[in-house]
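Subject: Structure for you to look at

Hello,

Here is the structure I promised to hand over. Please open it alongside this note, which goes through what turned up.

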Amino acid sequence: MQNVVVFGGAGFVGSHLVEALLKQGKTITVIDDFSNGSWTNLSAISDKIKVIKFDIVNKDWSSLMDLKPDVMFHLATHPRSFSLQDPIKNADVNVIGMINVLDFAKKKNSKLIYTSNSGICGDPQFLPVTEEHPIDCKTPYDANKLIGEHYAKIYQKIYGLYITIFRLATVYGERQIVNEDLGWRPIIPNLVKKLEQNETPIINWDGEQTRDLIYVKDVADCLINGSESTDQNGEMFLLSTNKETSVNEALRVISEVTGKNIVPKYTEKNPGDIRRMVLSYEKAKKAFGYSPKVSLKEGVTRYVNWYRSAKQ
């Protein structure tokens, strides 16, 4: 059985990844500082995995040296939405933390799968965005994730580490929640929460800004496929749906699923917000046979059902 370490495995995406890995019979260690992750995300599988509370910014990694991972997934991050308020903290987690993870992978001779951010591309110069799109970072988070990519490629070239990078579109799904302490208000959870509480949805800008909304289990499946590949060393892939959805359209779908229709309030644009985003997954399709399986309406339905059950 393959030994796997998941940094950020108690988070929203990480916990879904851990579940998918368990189904394949992997031996899994989750490493998380629980600043945004939750023990609840792992409660259904806690007896089947090892969990270590640890901050990747720490200088001393001696407590982890007994681990012998064949593959490591690096999903631990400090969110984009809070990076302008605290760019130093964001750099600590997303740059220093990344270097620490790379050093650990080097010592363990472990394959590394790194999740990055499609926002690195900024406002698209062409649509759909491909892996060749120019860089246009809008926030410290974007810049820090890009630096992480560069470090990954340096370690791959100099030390021979096997590293694959995935830039994710806008991921949503069960267990994703609003975290006001971190300024973390993902589109789908934020709108669902407002409607379910019979409150007025708040939409920054005019709501016509678009995102490529990808369901979390589709992401987890492709990350695993990437970890099993042996010929994509140093490559970067976009993970997306190749479908463009406005915030207003997302609200319409959520209203249809919840049966609640409340007129939103529009407010000022968020700093660094992007007007349009849709990404091509053609490269990942060719490399891993990836294609998204869950439609937006089906994904929103699953999320709403989870949200309602979690509130009971």
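Helices here are DSSP runs of H or I with at least four residues, numbered from the N terminus. Keep in mind that this is a predicted model.

**Helix 1**

Start with helix 1, residues 12-23. Its 12 residues should span 16 Å at 1.5 Å a residue. The end C-alpha atoms are 18 Å apart, which agrees.

How many of the 12 residues of helix 1 are buried? The count is 11, so the helix is largely enclosed by the rest of the structure. Buried here means under 20% relative accessible area. The buried set runs F12, V13, G14, S15, H16, L17, V18, E19, A20, L21 and L22.

Just after helix 1 comes G25, with a positive phi of about 80 degrees.

**Helix 2**

Helix 2 covers residues 87-108. Its 22 residues should span 32 Å at 1.5 Å a residue, and the end C-alpha atoms sit 30 Å apart, which agrees. The kink is about 30 degrees and is centred on G97.

G97 is also one of the buried residues of helix 2. After helix 2 comes N109, whose phi is positive, near 50 degrees.

**Helix 5**

Helix 5 takes in residues 216-228. From first C-alpha to last, its 13 residues reach 19 Å, close to the 18 Å expected at 1.5 Å a residue. Its buried residues are V216, D218, V219, A220, C222, L223, I224, G226 and S227.

**Salt bridges**

How many salt bridges does a search of the whole structure find? It finds 17. Three of them are worth a look.

- D123 and K138: their side chains meet at 3.3 Å, N to O. Both lie in the loop between strand 5 and helix 3, so the pair ties together parts that are 15 residues apart in sequence. D123 is partly exposed at 29% relative accessibility. K138 is partly exposed at 32%.
- E244 and R276: the closest N and O atoms are 2.7 Å apart. The pair links distant parts of the chain, 32 residues apart. E244 is in the loop between strand 11 (236-239) and strand 12 (245-246). R276 is in the loop between strand 13 (265-267) and helix 7 (282-288). Both count as partly exposed, E244 at 31% and R276 at 41%.
- K297 and E256: here too the closest N and O atoms are 2.7 Å apart. K297 lies in helix 8 (residues 296-310) and E256 in helix 6 (residues 247-258), so the pair ties together parts that are 41 residues apart in sequence. K297 has 45% relative accessibility and counts as partly exposed. E256 is partly exposed as well, with 43%.

E249, R252, E256 and K297 are linked in a network of salt bridges.

**Surface**

Y159 is found in helix 3, residues 140-159. Is Y159 buried, partly exposed or exposed? Its relative accessible area is 46%, so it is partly exposed. Together with I154 and I158, Y159 forms a nonpolar patch on the surface. The three share about 320 Å² of accessible area.

S63 sits in the loop between strand 3 (50-53) and strand 4 (71-74). Its relative accessibility is 57%, so it counts as exposed. The cut-off for that is over 50%. How far is S63 from Y215? Their C-alpha atoms are separated by 35 Å, and the two are 152 residues apart along the chain.

Best wishes

Notes: Residues numbered from 1 in each chain as written. Predicted model: local features only at pLDDT ≥ 70, side-chain atom pairs only at ≥ 80, totals over all residues. Heavy atoms only, no water. Patch = residues over 30% accessible without salt bridge, like charges linked within 9 Å, V, L, I, M, F, W, Y side chains within 5 Å. Areas by Shrake-Rupley, 256 points an atom, 1.4 Å probe, with all protein chains shown as cover. Salt bridge = Lys/Arg side-chain N within 4 Å of Asp/Glu carboxyl O. Helix = DSSP H or I, 4+ residues; strand = E, 2+ residues; numbered from the N terminus. Buried < 20%, exposed > 50% of the residue type's maximum accessible area, 1.4 Å probe, protein only. Expected span 1.5 Å × (residues − 1). Bend = angle between axes of the 7 residues up to and from the residue.
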